[in-house]
Amino acid sequence: AMSRTFAQFLSILLHPVLMPTYAIWFLFHHSSYFSYTVSPPERDALYMIVLLNTLVLPTIVSYILIRRGWIRSFEMEKREERVIPFLTNAALLLIAYYLMRKLMLPQVFPLLILGAAVAVTFAAIINFKWKISIHMIGIGGIIGTFFGLSTFLLVDVRIPILFCLLVAGLLGTARLSLGAHTPMQIYAGFLVGFLCEFLLLSI
């Protein structure tokens, strides 16, 4: 079994709110195509939008909800606690998508964020009946993005895909060992994340 400390560390390091930032950072560093086609000011604006809307604001919202006693912790263990954070995140992602459309960026960037918005919306709907793993939606989304890039934009991301699959396995194991989810909730999360990104990039 995985140690609790390591499982918690992975859960924080690979938290869904960090995934868009990781994905965009990766695109700029792995593919010279993106680093050449996006001007530095646009790249900085992109990072600002993404960090603000996917990381800073959702964290503030969660913090306010905790202070108000609406959710108990950032973990949001109970299904009922997840409704407001999910819907807020989906709204913030849609705003980020809208702002990114205003920048002259390659399509993949706004689509990546739109995919995340769609995935979170699905998570919110499913959440009314069942606690799906948002951690797995996050990592599934990254892998869906990479598969989309290699299939439709012919970017060679075989190594990153293998690396992320390995990480996804570790993360799934971590979530299970923390007792956060059943195996079905883990697989379902991965599939939702993967399909939302992959299908959007295929448009």
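A residue is called buried when its relative accessible area is under 20%, exposed when it is over 50%, and partly exposed in between, with a 1.4 Å probe and protein chains only. By that rule N127 counts as buried, because its relative accessible area is 2%. The structure is a predicted model, in which local features need pLDDT of at least 70 and side-chain atom pairs count only at pLDDT 80 or more, while totals for chains, interfaces and linings use all residues. Residues are numbered from 1 along each chain as its sequence is written, and side-chain values use heavy atoms, with hydrogens and water left out.

N127 lies in helix 6, where helices (H or I, at least four residues) and strands (E, at least two) are DSSP runs numbered from the N terminus. Once residues up to four places away in sequence are set aside, N127 touches R79, R82, V83 and F86, contact being defined as heavy atoms within 4.5 Å.

Two further residues of helix 6 can be followed from here. P110 belongs to helix 6 and is buried, because its relative accessibility is 2%; beyond its neighbours within four places in sequence, P110 is in contact with Y97, M100 and R101. Between the C-alpha atoms of P110 and I142, which stand 32 residues apart along the chain, the separation is 14 Å. L111 is likewise found in helix 6, and L111 is buried, with a relative accessible area of 11%. Not counting residues up to four places away in sequence, L111 touches E197, L200 and L201, while the C-alpha atoms of L111 and R72, 39 residues apart along the chain, are separated by 33 Å.

E197 is buried yet has no salt bridge, and R101, the nearest side chain of opposite charge, is 14 Å away. Leaving aside neighbours within four places in sequence, E197 is in contact with L111, L112, G115, A116, G141, G144 and T145. L195 also lies in helix 9, but L195 counts as partly exposed, because its relative accessibility is 38%; L195 and E75 are 120 residues apart in sequence and 25 Å apart in space, C-alpha to C-alpha.

The structure holds one salt bridge, formed by R43 with D44, whose closest N and O atoms are 3.9 Å apart. R43 is partly exposed at 29% relative accessibility, and D44 is partly exposed with a relative accessible area of 41%. Another partly exposed residue is S73, with a relative accessible area of 25%, and S73 has its place in the loop between helix 4 and helix 5. Apart from neighbours within four places in sequence, S73 is in contact with I66 and E81.

The pockets come next. On a 1 Å grid over the protein atoms alone, a pocket is an open set of points where a 1.4 Å probe fits, with protein on both sides within 12 Å along at least five of seven lines, and lining residues have an atom within 4 Å of a point. Grid points are joined across faces, edges and corners, and a volume is the space filled by probe spheres set on the points. The largest pocket contains about 740 Å³ of space. It is lined by 40 residues, of which H15, P16, V17, L18 and N89 are the closest to its centre. Elements giving two or more residues to this lining include helix 4 (40-67), helix 5 (83-102), helix 6 (108-127) and helix 9. By class, the lining of the largest pocket has 23 nonpolar, 13 polar and four charged residues, where Ala, Val, Leu, Ile, Met, Phe, Trp, Tyr, Cys and Pro count as nonpolar, Asp, Glu, Lys and Arg as charged, and the others, Gly among them, as polar.

The second largest pocket has a volume of about 350 Å³, and L14, Y22, F163, C164 and V167 lie nearest its centre among the 16 residues that line it. Helix 1 (4-13), helix 2, helix 7 and helix 8 (158-177) each supply at least two residues of this lining, which divides into 16 nonpolar, no polar and no charged residues.

Terms used: Lys and Arg count as positive and Asp and Glu as negative; His and the chain ends are not counted. A salt bridge is a side-chain nitrogen of Lys or Arg within 4 Å of a carboxyl oxygen of Asp or Glu.
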